[in-house]
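Visitor: I'm new to this one and would like a close look at a single part. Could you walk me through the sheet in chain B and what sits around it?

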Amino acid sequence: MSSLPFDFTPVDTPGPQTPDNPHAKATTNCPDAVSALQEQFGDAVREVVEYANEHTVLVERDRIVEIAEYLKANHGFTYLVDLGGIDRFTEEERFEVFYNLVSITTRKRLRLKVRTEEEDPVVPTLSRTYRSANWYEREAWDMMGIRFEGHEDLRRMFMPEDFEYHPQRKEFPLLGIPGSLPLPAQRPGGELTMDPFAAAHGSKPIKSYEETSDTDDA
Amino acid sequence: MPLEQSLGEGFLTTRVDAVVNWARSNSLMPMPMGLACCAIEMMAFAAPKYDVARFGSEAMRFSPRQADLMIVAGWCSYKMAHAVRRIWDQMADPKWCIAMGACASTGGMHRCYGVIQGIDNFLPVDVYIPGCPPRPEAVIHALMDIQEKIRNDYSVAQDYQSGQLPEGRLPQGSHVVTPAGDAPSKLVVHP
Ligand code: SF4
C-alpha cells in the first residue's frame, strides 16, 4: 500500500521472466549462484529448473555436501530453512530430498534437490555444514526412511523408537498397520494392550516398554 | 436466616458419606493434561471470566500426586498414551477423568495412524465432552457432572466390608440409574 509512510517489509519485485505471475518473486531468482554452480561443479549439476521465477537445482547426491559448503562460503547461503523427503513413487530414484537455502545478506532463496534409489536410500548428511539439518534429517529418516550417511544421532523424531515402518511412504496405509503401536497396560507393570481396531485384526502386543521386563533385552 | 442463628448452640447430624462427598466434590483438583488446541479452552475454563473457582476446582495441580481429576484436552498420540497412562497411574484414588473434545473422546478428525481413536482405549473416562473445541461452559458442565457423580457415590460405606456395600443402604431417590432407567439393585463398587 502506497499510503504507508514506510516499508517495514522490503517490497519484492516480480522477476523478469514471468511478470504476469503473481507468485513470482525476485528473491527466489538467483542466476548468479546457479551459473557459478554450473561453472564450478559441471556435471554434478544435473538439472536447473526455473518455474515461476524460482530456481531449483538438481545435483548429484554424492556431491551435495561440497556444493552446500561452496554456496555457504561464497554466496552467503548460511541458513538452511528446511529439508525434507519426497516420495516420488517412481521405479527409479524414488526418493528425493530437498534443501531450501536462504542467503540473508543477498536476500536470496535457492532450492537444491538430490535423488536416491528405493533399495538403499542413502544421502550424505548436511548436519555438519548446517546444524539445523540435524533434526530435519531425523524427521526425514523417521517419516520416509531415508538414511543420512554420517549423521551422528539418526534416531526417530516422532514415532516410538521401536516402530518398524516409515509412515509417510506412499505404500503405508493411512490408518496404520494394526498392532504396530501398542497401548499402555491397564495397570502398572501389566501387559501392553491393543486398540479394538488392532484387536479385530487378531493383533497381540508383541513388545513391552517396561524397563524391568525380560523380553526387552534386544 | 443464617444457620448458626437458627440452630443456636445446637448441632447437625448427617451421614459421613454425605460430608465426605460434599467436601470431595467441591474441592476437585484438576490435572491439566493439555495435549492440543483444546487446552486453550481449558485455560479459559480456569481463568477469571469463566471462573471455575466457583466450583472449587481452580487449583490446577501439575503434580499427579496432588490431583484427582484428569482433564485430557486434545488428541493423544500412541506415543503420548504411555506418558498419560503413567501419570494417571500416579494419581491417588479416588480419581476421575474427563475426555475433553472430539479428539480425546473419539479421535475426532485425526483418523490416522498416529492418533488414538479415543482415550477410553486406555483410560477409564467418566465424562466425555463433545465439541471442537468445547466451550468453557461445556467443561464446567462436565465438572458439575463429575460432582454429581461423586455426591451419588459411596465414599466411606464402601469400605464397610471389603468393598461390598452394606445391605439396605442404597440412597433414596438416587440419581444413579441403569440404562433401562431403574435404580440399580447393586451399586458397582470400584475394584
Ligand atoms: S477437538 Fe478440536 S480443538 Fe480439541 S484437540 Fe481436537 S482438533 Fe483441537
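This is a predicted model: local features need pLDDT of at least 70, side-chain atom pairs count only at pLDDT 80 or more; totals for chains, interfaces and linings use all residues.

Guide: Let's start with a term: two strands pair if DSSP finds at least two bridges between them. Strands (E, at least two residues) and helices (H or I, at least four) are DSSP runs, numbered from the N terminus. As for bookkeeping, residues are numbered from 1 along each chain as its sequence is written, chains are lettered from A and ligands numbered from 1 in the order in which they are written, and side-chain values use heavy atoms, with hydrogens and water left out.

Now the sheet. In chain B, four strands make an open sheet, ordered S1-S2-S3-S4, with parallel pairing. Strand S1 (30–34) and strand S4 (127–129) of chain B each have a single partner strand, so one side of each lacks a neighbour in the sheet. On average, neighbouring strands here are turned by 15 degrees against each other, direction ignored. (Axes are lines fitted to C-alpha atoms, for helices over the stretch in contact, and angles run from 0 to 180 degrees between N-to-C directions.)

Zoom in on strand S3 (residues 96–100) of chain B: three bridges join it to S4(B), and the two run parallel. Here you'll find Met100(B) opposite Ile129(B) of S4(B).

Next, a helix on the sheet. Helix H4 (residues 78–90) of chain B lies across S1, strand S2 (69–73) and S3 of that chain, running at about 175 degrees to S1(B).

Another pair of helices is worth a look. Helix H3 (residues 38–46) and helix H6 (residues 136–151) of chain B pack at an angle of about 70 degrees, with axes 8 Å apart. That makes H3(B) roughly perpendicular to H6(B), a label used for 65 to 115 degrees. Glu41(B), Ala44(B) and Phe45(B) of H3(B) make the contact with Pro136(B), Val139(B) and Ile140(B) of H6(B), where contact means heavy atoms within 4.5 Å. Sorted by class, these residues are five nonpolar, no polar and one charged. Ala, Val, Leu, Ile, Met, Phe, Trp, Tyr, Cys and Pro count as nonpolar, Asp, Glu, Lys and Arg as charged, and the others, Gly among them, as polar.

Finally, the ligand. Residues around the ligand include Cys37(B), Trp75(B), Met109(B) and Pro133(B), each with a heavy atom within 4 Å of it. The shell has nine nonpolar, two polar and no charged residues.

Technical notes. Angles under 35 degrees count as roughly parallel, over 145 as roughly antiparallel, 65 to 115 as roughly perpendicular and the rest as oblique.
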